[in-house]
Amino acid sequence: MSDLAPKTSSSLKKYVGGCHCGAVRFEAEVDLEEAVSRCNCTVCTKMGGTTTQAPPASFRILKGESELGEYRVGDSRNYRNFCKHCGVQVFGGGFVEELGGDFRSINIGCLDDVDISKLTIQYWDGRYNNWEAGPRPQAWPLRAA
Ligand SMILES: [Zn+2]
């Protein structure tokens, strides 16, 4: 198999994960052969998380749905869910046209048995909703006000 072989959905693999205290558990199919994402938006800058997308149909909360809090910025269609006990932001979701509509965002750090040193990290310029620029290997700078 060449590296140039077209990617197929077969590189999606099911992972299980959860928050730090164990109150929340979930499963999702993600493709960790694809680069995972960091973002410079005002929330991601403070959280420092590394995420990837999961097909919404593959995502399932296994335990602790009632233990989840939700955070949205203003009237955004996008949200983040965190464990009310340990505070870990486990996943999020919403709707971004440029990302293909409905999405589920998974915190890589919450997946069981994933070694982030083995993954490729890419950076999005979310601070400026610059989604059409796509991700790149270096973090994006903040722009002068
Ligand atoms: Zn927890």
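This is a predicted model: local features need pLDDT of at least 70, side-chain atom pairs count only at pLDDT 80 or more; totals for chains, interfaces and linings use all residues.
**Entry 1: the open sheet.** I looked up the strand order first. The open sheet has three strands, ordered β1-β2-β5, and the pairing is antiparallel. On average, neighbouring strands here are turned by 30 degrees against each other, direction ignored.

**Entry 2: β2 with β5.** I counted the bridges next. Strand β2 (residues 25-30) is joined to β5 by three bridges, and the two run antiparallel. Arg25 has Lys63 in β5 as its bridge partner.

**Entry 3: the hairpins.** I moved on to β7 and β8. Four bridges pair them in the antiparallel sense. Phe82 is bridged to Gln89 in β8. Five residues lie between these strands in the hairpin, where Gly87 takes a positive phi near 85 degrees.

Then I followed β8 to β9 (residues 101-107). Six bridges join them, again antiparallel. Phe91 has Ile106 in β9 as its bridge partner. This hairpin has four residues between the strands, and Gly100 takes a positive phi near 95 degrees.

**Entry 4: the core.** Which residues touch the most other members of the largest nonpolar core? I found Ala28, Val90 and Ile106, out of 16 residues. β2, β7 (79-83) and β8 (89-96) each give two or more residues to this core. The largest share, three residues, comes from β2.

I took a second look at Val90. Leaving aside neighbours within four places in sequence, its contacts include Gly18, Phe26, Phe82 and Cys110.

Definitions and conventions:
Residues are numbered from 1 along each chain as its sequence is written. Two strands pair if DSSP finds at least two bridges between them. Axes are lines fitted to C-alpha atoms, for helices over the stretch in contact, and angles run from 0 to 180 degrees between N-to-C directions. A nonpolar core is a set of buried Ala, Val, Leu, Ile, Met, Phe, Trp, Tyr and Cys residues joined through C-beta atoms within 7 Å. A residue is buried if 20 or more other C-beta atoms lie within 10 Å of its own, exposed if 12 or fewer, and partly exposed in between; C-beta atoms are placed from the backbone. Two residues are in contact if their C-beta atoms, placed from the backbone, lie within 7 Å.
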